[in-house]
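Subject: Structure handover

Hello,

Please find the structure below. My notes on what was found follow it.

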Amino acid sequence: MVAGTEILERASSGGDAAVDTSSTLSADMSNQIGLIGVPTDVGAGVRGACLGPEALRIAGLAKALTGLGHKVSDLGDLDGPPNPDEQPGNGCRNLREVSTWCRLLRDRVTDVAGQGMTPVVLGGDHCIAMGSIAGIAKHCSASGQPLYVLWFDAHTDFNTPLSSPSGNVHGMPIAALCGRIKDSEFDLGVPTPVVDPSRINLFGIRSVDHIEKATLVDSGLKVFDMRAIDERSTFTIMREILDEVTAAKGHLHVSLDVDFLDPSIAPGVGTTVPGGVTYREAHLCMEMIAESGLMGSLDLVELNPLLDEKNKSAELLVDLTGSLFGKATLHR
């Protein structure tokens with residue numbers, strides 16, 4: 001990892017735009033946030049997500065969060081293996097490298113959470129969520145708090161090496177976290193399943209492979225596809241998810257894949273699927289999570305600046321992250 005920790009606590013001044021105090025947190029609501037960069041695309045089939053962490057920094061993530069009253073430590077980037085860009089072997093591409101990155105991230109997230117900070121992981125492709133969730137699972141096990149996962153994604157990521165049509169591991173993390181993959185390289189050093197499948201909620205789904213559809217039936221996962229969202233409304237589904245976590249006094253880990261958003265507003269991702277969540281629906285999700293006070297850790301993944309339009313997707317992710325950490329039009 002890059003040495004040193006930069007504490008970013010400065011207020012907007014000089015030529016910077018003034019902060020709207022109606023959307024900032026009071027001092028007693030401030031958080032300690034640790035940014036962890038994971039610059040890799042070893043789990044993806046399209047290169048470029050390795051540039052995501054820097055794109056988020058350039059888009060002003062730390063400044064946006066400090067402007068809301070939080071104390072932000074940018075902990076730099078993890079230093080993992082390069083992408084060998086191999087052909088899939090035994091149903092997986094670059095599995096050894098994926099495993100190394102995930103174990104590095106597991107340990108860093110456990111450490112950051114143990115220091116009382118909220119880990120915010122800057123990806124990187126979605127395979128790294130195996131590492132971040134394994135790390136927060138260790139932390140929750142030590143604190144005795146049940147872990148819940150809210151997975152914002154166009155895909156269910158429930159493939160295995162036997163079912164994946166591509167061999168890309170970013171399509172397998174949910175299966176791995178649920179203990180559905182027995183390969184030793186998927187051993188994250190924590191008991192499996194890493195998360196009880198009944199505590200995983202997938203939101204925004206609209207692309208599911210044929211074999212995934214069959215295996216999802218008895219998986220125990222709660223899957224909210226775009227039809228369910230259209231029929232029941234974003235608000236109703238989010239209220240249901242958050243009420244369950246509240247009742248259990250759980251720790252909520254949010255894993256946000258750029259492709260859960262409609263590509264018309266977030267083109268900077270290698271796996272775009274039409275018909276995604278709108279700008280307003282996305283902000284509603286984030287604002288409801290913020291109001292619940294449940295989120296204890298976060299992934300921002302699959303941002304690919306090479307496919308973006310003038311950092312449009314990165315800026316939207318920063319905006320959504322602000323909503324996750326308390327930015328709102330009015331106090332409610």
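L306 is exposed because its relative accessibility is 59%; exposed means over 50% relative accessible area, buried under 20%, and partly exposed in between, with a 1.4 Å probe and protein chains only. The model is predicted, so local features need pLDDT of at least 70 and side-chain atom pairs count only at pLDDT 80 or more, while totals for chains, interfaces and linings use all residues. Residues are numbered from 1 along each chain as its sequence is written, and side-chain values use heavy atoms, leaving out hydrogens and water.

L306 sits in the loop between β9 (295–301) and α10 (312–324). Helices (H or I, at least four residues) and strands (E, at least two) are DSSP runs, numbered from the N terminus. Together with V46, L51 and L307, L306 forms a nonpolar surface patch of about 340 Å² accessible area. Nonpolar side chains (Val, Leu, Ile, Met, Phe, Trp, Tyr) are joined within 5 Å, and like charges within 9 Å. The areas come from the Shrake-Rupley method with a 1.4 Å probe; for residues, only the protein chains shown count as cover.

From first C-alpha to last, α10 reaches 19 Å, close to the 18 Å expected at 1.5 Å a residue; the expected span is 1.5 Å times one less than the number of residues. G326 follows α10 and has a positive phi, near 115°.

Which residues touch the most other members of the largest nonpolar core? They are F152, F203 and I289, in a core of 51 residues. α10 gives the largest share of this core, six residues. A nonpolar core is a set of buried Ala, Val, Leu, Ile, Met, Phe, Trp, Tyr and Cys residues joined through side-chain atoms within 4.5 Å. A second, separate core has 48 residues, including I128 and V301.

T234, in helix α8 (residues 234–248), is buried because its relative accessibility is 7%. Leaving aside neighbours within four places in sequence, T234 is in contact (heavy atoms within 4.5 Å) with F203, I229, E281, L284 and C285.

Regards

Terms used. Patch = residues over 30% accessible without salt bridge, like charges linked within 9 Å, V, L, I, M, F, W, Y side chains within 5 Å. Salt bridge = Lys/Arg side-chain N within 4 Å of Asp/Glu carboxyl O.
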